[in-house]
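Hello,

Here is the structure we talked about handing over. Please open it alongside this note. My findings follow.

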Amino acid sequence: MTINGSLLVAGTEKRGSNGDFYGIEAATGRSLLVSFGGASPDDVEAASAQAWEAFACYRETDLESRAAFLERIASEIEAIGDELIVRAMSETGLPRGRLEGERNRTTGQLRLFAKEVRAGRFQELRFDEGDPSRKPVPKPDLRLRNVPIGPVAVFGASNFPLAFSVAGGDTASALAAGCPVVVKAHSAHPGTSELVGRAVQRAVAACRLHPGTFSLLFDTGFEVGQKLVADHRIRAVGFTGSRRGGTALMDIASKRRQPIPVYAEMSSINPVILFPNALERDVESIASAFVSSLILGAGQFCTNPGLLLAVDGEALDAFVARTAELLPEVAPQAMLTPSIARAFCEGVERLRAHREVRAIASGKPGSEFEGTAALFETTASALLEHHELQDEVFGAAGLVVRCRDLGELEAVIDALEGQLTVALFVSDDDEADARRLVPKLEILAGRLLVNGFGTGVEVSPAMVHGGPYPATADGRSTSVGTLAIYRFLRPVSYQDFSSTLLPGVLR
Ligand code: NAP
């Protein structure tokens, strides 16, 4: 397979003429061959126009053909073989095992959506029979189905180069819903993006779909992504990244003549609540499980535990002391991009310099492209006073918050921003206190877990990977699991239609 730096616009490949850039080897900062050409405004126009044209027929594909297309994408990705893993390893610094697992997750979720499409439940067919004899007014005949929302712009995520990028969860769920997709590749892994983009393009051709069903664009700045979100033919956006990037796109989308939904997953520090009895009983294993979760993927998961809340006392002292023994043994890890490594380093230094924060321990130092794990502590009253202590530091950094009692811990929960996950460590003796907190936690986050950390995200029908702002732009949605398809659908009701006029599934 070749990576030649081309844009993939609706079944064609062409060299972008709007500046060049290179993929960067994450571990060294060196440029990788080949260069990629940025898309011009004309390329964005062509991709959007083709997506709109494709929408007219792709939305009408029968469920079996659509499912077969998703399965074909999965097998085309597998057929790329080791080249995909090798390229992704050098562009992201992530290890082979993690990327092979991520490839399985990517193909697994495409196949899961294929199953979901065949089952057809997402159409939400409803039949509400009319009654012409009803008094005082006749009851209309109403039938409802979900229809696809229109072409979707997907921004590949830096931290999941396969499972949340070109053919990741946003693309799979949009295509499953019947929406063509235009992907803006993440500049952190352009070669990986091109390889997967070509696989999707081959699947489009093999399934004889309209070529505009899929396009892949590169950008040397923010112009392409912004133009895409502003384009009147794009009807929804899927995004994972920074709060600044997500809110910039939400702003553009809301100022359009026809505003559109932006499903942006942005920032979450995933609080962990250590209840007193659980901590007392199991300090050793909770501390080592916490450190493993903190450093997983160099802390570059959306769900890494960044905030620990616990009642002050001997058990918490023992927990802090154990983490202070474990962390210095942790090796530095390459971060996804030099700029993410820089942002992490700055975030850690901000915490270190904060007058209300004390450093507990750090991992082994590394190069400028690596992240060194770091753990800090503060008090509940400081966290309540200094809102900036809630800011996400993307990478393996955590903040332990000492609370006077459970009442103060509850006050911290009330003051937190929206989150993807909240984890509770409880023993039987803590259950009554934990139960009292659950209604507040439901307001705070999209996924609540007991005696575990949220870093692993199962792709399944009952998964929610979403949460109130700023965890996501719209806390009613999830970007992982089969419910993700509903982001790209909207209901249409057909009143008093003759059976010949009705869409087939509603007859
Ligand atoms: P990012 O800077 O928000 O970039 C994400 C995507 O949006 C990229 O394609 C980027 O283009 C584009 N973009 C960013 N700002 C834009 C703007 N104003 N207008 C149009 N497009 C824009 O996120 P990132 O590069 O993945 O990581 C940077 C930071 O994001 C991290 O340090 C971390 O704080 C946060 N992050 C959070 C999560 C999470 O799940 N919580 C996940 C990943 C990252 P380019 O490709 O040209 O940069």
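**Backbone and sheet notes**

Val 34 sits in strand β4, residues 31–37. Strands here are DSSP runs of E with at least two residues, helices are runs of H or I with at least four, and both are numbered from the N terminus. A word on the source: this is a predicted model, where local features need pLDDT of at least 70, side-chain atom pairs count only at pLDDT 80 or more, and totals for chains, interfaces and linings use all residues. Residues are numbered from 1 along each chain as its sequence is written, and side-chain values use heavy atoms, with hydrogens and water left out.

**Cis peptides**

Val 34 is joined to Leu 33 by a cis peptide bond, with omega about 5 degrees. Another cis bond links Tyr 469 and Pro 470, again with omega about 5 degrees. Pro 470 belongs to the loop between β20 (445–450) and β21 (489–495).

**Positive phi**

Most residues other than glycine have a negative phi, and most peptide bonds are trans. Arg 208 is not a glycine, yet its phi is positive, about 55 degrees. Look for Arg 208 in the loop between α6 (190–206) and β9 (214–217). Ala 298 also has a positive phi, near 55 degrees. Its loop runs between α9 (276–295) and β13 (307–311).

Are these residues buried or exposed? Arg 208 counts as exposed because its relative accessibility is 77%. Ala 298 counts as buried because its value is 6%. The cut-offs are under 20% relative accessible area for buried, over 50% for exposed, and in between for partly exposed (1.4 Å probe, protein chains only).

**The sheet**

Three strands make an open antiparallel sheet, ordered β5-β6-β21. Its edge strands are β5 (126–128) and β21, each pairing on one side only. Neighbouring strands are turned by 25 degrees against each other on average, direction ignored. Pairing takes at least two DSSP bridges between two strands. Three bridges join β5 to β6 (residues 142–148). In one of the pairs, Asp 128 has Leu 142 of β6 as its bridge partner.

**Surface patch**

Leu 125, Phe 127 and Val 505 form a nonpolar surface patch with about 250 Å² of accessible area together. Patch members have over 30% relative accessible area and no salt bridge, and nonpolar side chains are joined within 5 Å. Areas are Shrake-Rupley values with a 1.4 Å probe. Leu 125 lies in the loop between α4 (96–119) and β5. Leu 125 counts as partly exposed because its relative accessibility is 33%.

Best wishes

Definitions and conventions. Axes fitted to C-alpha atoms, helices over the stretch in contact; angles between N-to-C directions. Patch = residues over 30% accessible without salt bridge, like charges linked within 9 Å, V, L, I, M, F, W, Y side chains within 5 Å. Salt bridge = Lys/Arg side-chain N within 4 Å of Asp/Glu carboxyl O.
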